[in-house]
Every structure is written in structure tokens, then in C-alpha cells.
Amino acid sequence: MSFLNQVNLKQLEAIKSAQGPVIVVAGPGSGKTRVLTYRIAHLINIGVPAYQVLALTFTNKAANEMKERITKIVGEKSKHLWMGTFHSIFARLLRIECEKIGYGRNFSIYDTQDSVALIKSIMSSLGISTQQYNPQAVRSRISWAKNHLVAPEEYLEQATDFSEEKTGKIFIEYRKKLKQNNAMDFDDLLLKPIELLTGHKKILESYQDRFRFILIDEYQDTNRAQYVLIKLLADKYRNICVVGDDAQSIYAFRGADIRNILDFERDYPEVKIIRLEQNYRSTKTILSAADGLIKKNIDQIPKNLWTENDEGGKIILLECEDDADEGQSIVSSIYTESHRHKFQFKDFAIMYRTNAQSRSLEDALRKNSIPYTIIGGVEFYQRKEVKDILAYLRVLVNPNDDECFLRIVNFPSRGLGDVALQNLKKFAEAKSPNLLCAAGMAGDIGGVTPRARTSFNTLASLFKKYLKLKGEISISELARALVDEIGILHLLKEEGTPEAMSRWENVQELLSAITEFTDKTQEATLENFLQDVALVSSVDKWDDKFNAVTLMTLHSAKGLEFPVVFIAGLEEGLLPFYNSNIDRKDLEEERRLFYVGMTRAMKILFLSHARLRFRFGELSYQTPSQFLDEIDETLLDKVKHTRKSIPADAIGMKISSPRRKKIKSDSSYFSDEMPDYESSSANELQMGTIVEHDVFGRGKVLHVAGRGDSLKAVIDFNSVGRKNLMLKYAQLKIV
DNA sequence: ATTAGGCGATTTTTT
DNA sequence: ATCGCCTAAT
């Protein structure tokens, strides 16, 4: 067991305490992933069958990486290990068992957008104004209630004001509709297993016997429902190991509950507590600045973090004029550091509080031809055209899904409006199990125009045809045929605008994604594809092999590390974020969020703030974040940056003392002249060039045509074959 | 009855 | 960028 030589004593203890409950309090960079990986490998090595191990991680990406490492140590024995996020693991379990609680195995999974759409339609049928009551707010209240295991009736009973009462009524209807649509929202993926296990003793026992060893990563971010679920499963054998750090708890807004750590000690009094306090990631400077900051929080478990790493350089604070200037100054620093220390682009990460901040940063990176990737933001699978095509597929899988049906009933336009749909709904309520079925009986619906009648019938027979085809051809063929038949690509091409072309590309990309899934998945069913799509997180999709600067929110940064980290927008109102009064607890969560960001940095940490920034559509004056005052001054170097149109030396850079000389001597520190990085724009594409596409992977250029914005190339991709791409939209990298 | 097009408001963080 | 809401046109 040579791998056990590579850990310190505390880590070893955490790895080897196989029996009984264990809490590992793991500071940032303390080798927590290593502990989890080795712990599982150790379990398997001492003879525990892998199928008896259940490991819950925060992202699927982390799960896959850990699983790979485990397989390297123990080999094929790891095959039947269940490892993944709470949501994907329990979705998998529900696919097997959900019939026992009255759901069909083909149930749909609703994302937040789907839930809001359903809530909107419920509100309008209950005659509740969506102006007066924000459907998003209603959704988050309902979600809060579900995460805290409050049933709709109970919620309604406890309502203290008019608006809560309304929410309660919507909640009751919402639950009913979900069931009727054979659909579950994200919260249901945790609640329904609880319902299943508490209601069926035999099933509970079989899963308790199956999952004898349970591990949970990022335990500080689990909510009440997750806690109850795990308590049920672990109750018999009590071999449960949770790993977390209260200082990194940043998901209270979605129900993460600090009580889970405290109650753990109450529920398992025999618990063994192990602290991992040695940091292997960051420099002494970064660790000590972060540690000093987090000590301002009242709510915390005291820790004694330390590192044997180098002192490292000071933390650099870039003081900027506005958001564009902030971007420019970060880009300049990337340039300087990458030359000074031979960093690659992928060694840099830029983090921020809100997704909206990415725009000005992207502008600066693009202007200087620095390749970048964004984690999160407006996601591919959230794009309207993509969701529309997916909605067709979802109805094929689950014809009871009225919400999805409504999404596409008039897409592409079939001349069906509000009135026709009201009639259809009314008819369906009395005479049909779902809207699709009702559309097939259009002849019997009263008050509908002949045009609408025809449209309903055509749509119904389209689905009839593909429902039959579904069992006969592969899902990639099915999707392609369906997309052809509804003619969406054709329509977009005809439209011809840049927006339409980008939509056209997205539809193509979706088809390619389905093809790729078909090729590399053993059980390539539509059900499985849709489930994957519903449950991938933005971090899961991130390709860390790609040599590019990574942009992401501080929330997405959890669990990651980079040699150089920039945290942008350290301004009051933004970080800490507030729009109205925030209380101490909220402020402390913001502080933890900043702490998470700081502790992602291995070698160099940059912070930045701007004096002026566009917020909510107007230019506003920003004051530096109070958190900056909480960082030990001796660890900080302030660097003023001004508008790039003014040469830096003309106005005199103000740089606080000890580092001044060093920076001044480096004349290129604020240089606006960027070196010629290999441009990511495709102007120099020639036949035979090997390029890389975000989705299609590597390919060879066969032909180039057009000029300017309409420059196109035929590329033979290794994975998906020939594609004709508009270079303006296809982000190609020359390899 | 339905659709297209214009306009304004909206963005905290996410499975 | 997307959504809801308005108006004018069909």
C-alpha cells in the first residue's frame, strides 16, 4: 500500500478510520481530496466491495477525477462504486425505485427555469398577478420550504402574511402539477428519496445494507434534506465520514445549514474528529492574509492553519478607475506575470461575485487576444433554441410533461395563440391525461378555429411518429430527423441575421453533443442523455486541459486551485454584495466567499477594485470593500492603475513602499502593448491547419471561403466529421 | 386571433 | 441576452 506513504499523520488517520462516524475538518489546501481518494482506495483494498461505498461530492467533475485516481490504485475493483453529486446519485436511485412512490421511471427533471415557468402558469390560472408577486421569489420560497422539509399544507398554515398565503396556495398547486406532469424539480431529487425510504422499511433496509460506507465531501454546504437523507441511510452501520470546512460554507442562500455539523456530533456521539490544518497549496503570505480575514467572523470553529511553503510575494491590490480599466489592468498583470514567472494562460483564474462582471473582463481579454474560458454564465443548455429542441425530446420521453409541451406547442410558429391553448387546456382537464393527447383529439375541442385544429393534429401526429421511431433508431438519428422535420435549421438559415446564425450553430452543437453521447455511452438512451443535461454543473463542463485563462464566480471556484488568482470588484455592495440591509450572518457569508477565493491561490494573489462601475444600468461611484481593511497591511501592496489612454509614467504611478523599486524597474508592468500571442481569431486560417473547437475538439481545415464576418471554413473534425463553420461564431484555436 | 417588431426592465451566488 | 407588454398589421 505504497500510496499511504504520501500522506501526513492526520491524513493517514482520516484514511484509516474505516469504521464508525468521522468528521474531517479540512482547511483549504489541506489535501482533502487526497484523503477522500485514499480512504476509498483503502476501503477497497481491505476487502470492502466497491458497491458498498457511496461517495457524495460537490461536482460530477470532482467525482470522475477521484474515481479515475481510485481506479489507478485499486484497478477494476472500483467499477461499482457509486460516486457523484447528491442530485445525480439520487436521480439514479429514483429511476430504479420511483414507481413505489407513484412516479413513472421516465420522470422529467425540472431546472430552475422550468420551475419558474410552471409557477407562472399556475399563478395565472389562480388569478395571481405576476406583477405583484414575483414568480422567482415564489419559487425560491417554495424551494426554501422544500429544503427544510416543510410540506405545502404546513407552509400555508404557518403563513403570517398575505403574500405567504398566496405562496402556500401556489405551492400546493405546484406539487400537484409536478406529479401530474411526472416531473421532479431539483429539490424533489432529495425529497422523494426521503419519502421513499421513510415510507418503505424494506427498501430502506436494502439500501442501508448496500451502502455500508458513506462519504460526503463539502459537508458544510449540505442542507437539511440532504442531512435527513444521509441519516436514514447511515443509521444502521454508522460508517459515515464527512469532510468539510465551516469557513468555506457559502451556500446558505440555498439552504445549506451549519446545524448539520453540530447535529452530526449530537447524532453520532462516538464521532472521531480529525483536523487537517497543514496547507500544501498557498504561500505563507496568502494563507496568513486569508486566515487573518476569516478570524473576523464570529461564527466559526477555531483553527490553526499553517504551511511549510515559501513566504511568497505580497498580495497585490490593483486600484482602478472603472471596470474597463480593471480589465485592462488585470490583462497587463497576466502579461507581466506570465513573462516573469513563465506561467501559462491556464495558470490564471479571474474570480468575481456576480456573473455580470465577466463582460468587461472578457472585453479586455479579447482585445488582447488572450484565450479564456468561462465557467457558468449564460449556459449552452439554457439557450432558448437549445431548450426548445430539448423540450421536444423531453416530451418524447415523458408525454405527460405538459410544461414542456407548452414550450414547443407553438415553436416553430404554428399559428397557435393564447386562446387556442386555453381551449386545449380546458379540454384536456376533462377528457385527456395530458395536453399532447388532447391535441390529437383536436376535432372534438370546441371553440377552436380550423387553422388551430389542423396545427394541433399535425403536431400530435408528429409526436406519434417519433414516439414510434424512438424504439427503432439511435437517439442521435432520432434527434437529427426530428430537427429536420420541424425545419428549425432551415428557418434560422433563412432569417440570416447574426443572431439566427448563432442559434443555428447552437442547434448543430446540440446535435453533435447527442451524437457524442451516443458514441461514448453504453446505455445511450434519451432518458439518460436528458438526465445528464439536467444535472451537469458548469464546473463539470470546464476543460482544464485547455490553455486559457479561467473566469468564474467565487461560488464556482470552490474546490479549485490556480497558481495565480485575481479577485475583481472588491467594492462595497459588490463584495460584500448587498442590495438592501444585510445582517451579520449575511456579511459573514460574504467574508467566507472572499476567503474561498483567496485560498484558491497558490503563488500569487491579485485583488482589484474600481472607483466607477456600471451597475443596474448606471454609472455609480464605488467605495473599496471593507474586507480590504481586514487584510494585514504588511501583506498588501497597493498599485494605482489609471486609464490606459494616459501613459502610466506621465501621471506617476503611486506604489506603496517596499515593492516600489521592483515594480518601477519593470517598465512593462503597465504596458498596454501586448505581445503577439497566437491569435484566437481565425484570420490566418489556411488549408491544412489543425484547429481546436470548444465542442467538436480537434480538426483539420479543408477549405476556407468568404471574407470578413462571413468567413467560413470546412473543417474535418476527428470526433464528428466535416462541419461547415462560420468563423465569426466558431471560437477556433490554432493548435 | 395571431404574429412581428419595438421598447424597456432586468442581473447574487446554483444543483 | 431574454422576457413581458404594447401596437399595428394580417
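**Entry 1: strand β1**

I began with strand β1, residues 22-26, and found it mostly covered, with five of its five residues buried. I take buried as under 20% relative accessible area, exposed as over 50% and partly exposed as in between, with a 1.4 Å probe and protein chains only. Strands here are DSSP runs of E with at least two residues, helices are runs of H or I with at least four, and both are numbered from the N terminus.

The model is predicted: local features need pLDDT of at least 70, side-chain atom pairs count only at pLDDT 80 or more, and totals for chains, interfaces and linings use all residues. Residues are numbered from 1 along each chain as its sequence is written, and side-chain values use heavy atoms, with hydrogens and water left out.

I then looked at the two faces of β1. In a regular strand, side chains alternate between the two faces of the sheet. Val 22, Val 24 and Ala 26 lie on one side of β1, Ile 23 and Val 25 on the other, and all are buried.

**Entry 2: partners of β1**

Next I looked up the pairing; two strands pair if DSSP finds at least two bridges between them. Strand β8, residues 272-276, pairs with β1 in the parallel sense over five bridges. In that pairing, Ile 23 stands opposite Ile 273. Strand β7, residues 240-244, also runs parallel to β1, and four bridges join them. Here Val 25 stands opposite Gly 244.

**Entry 3: salt bridges**

Side chains of opposite charge can pair when their charged atoms come close. I count a salt bridge when a side-chain nitrogen of Lys or Arg is within 4 Å of a carboxyl oxygen of Asp or Glu. The structure holds 46 of them.

I checked Glu 97 and Lys 100, whose side chains meet at 2.7 Å, N to O. Glu 97 is buried at 10% relative accessible area. Lys 100 is partly exposed at 46%.

I looked at Asp 235 and Lys 231 too; their salt bridge is 4.0 Å, N to O. Asp 235 is partly exposed at 37% relative accessibility, and Lys 231 is partly exposed at 31%.

Which residue forms a salt bridge with Glu 485? I found Lys 465, with the closest N and O atoms 2.6 Å apart. This pair links distant parts of the chain, 20 residues apart: Glu 485 sits in helix α21 (residues 475-486) and Lys 465 in helix α20 (residues 450-470). Glu 485 is partly exposed at 38%, and so is Lys 465 at 40%.

Last, I noted a network of salt bridges linking Lys 32, Asp 217, Glu 218, Asp 221 and Lys 558.

Terms used:
Chains are lettered from A and ligands numbered from 1 in the order in which they are written.
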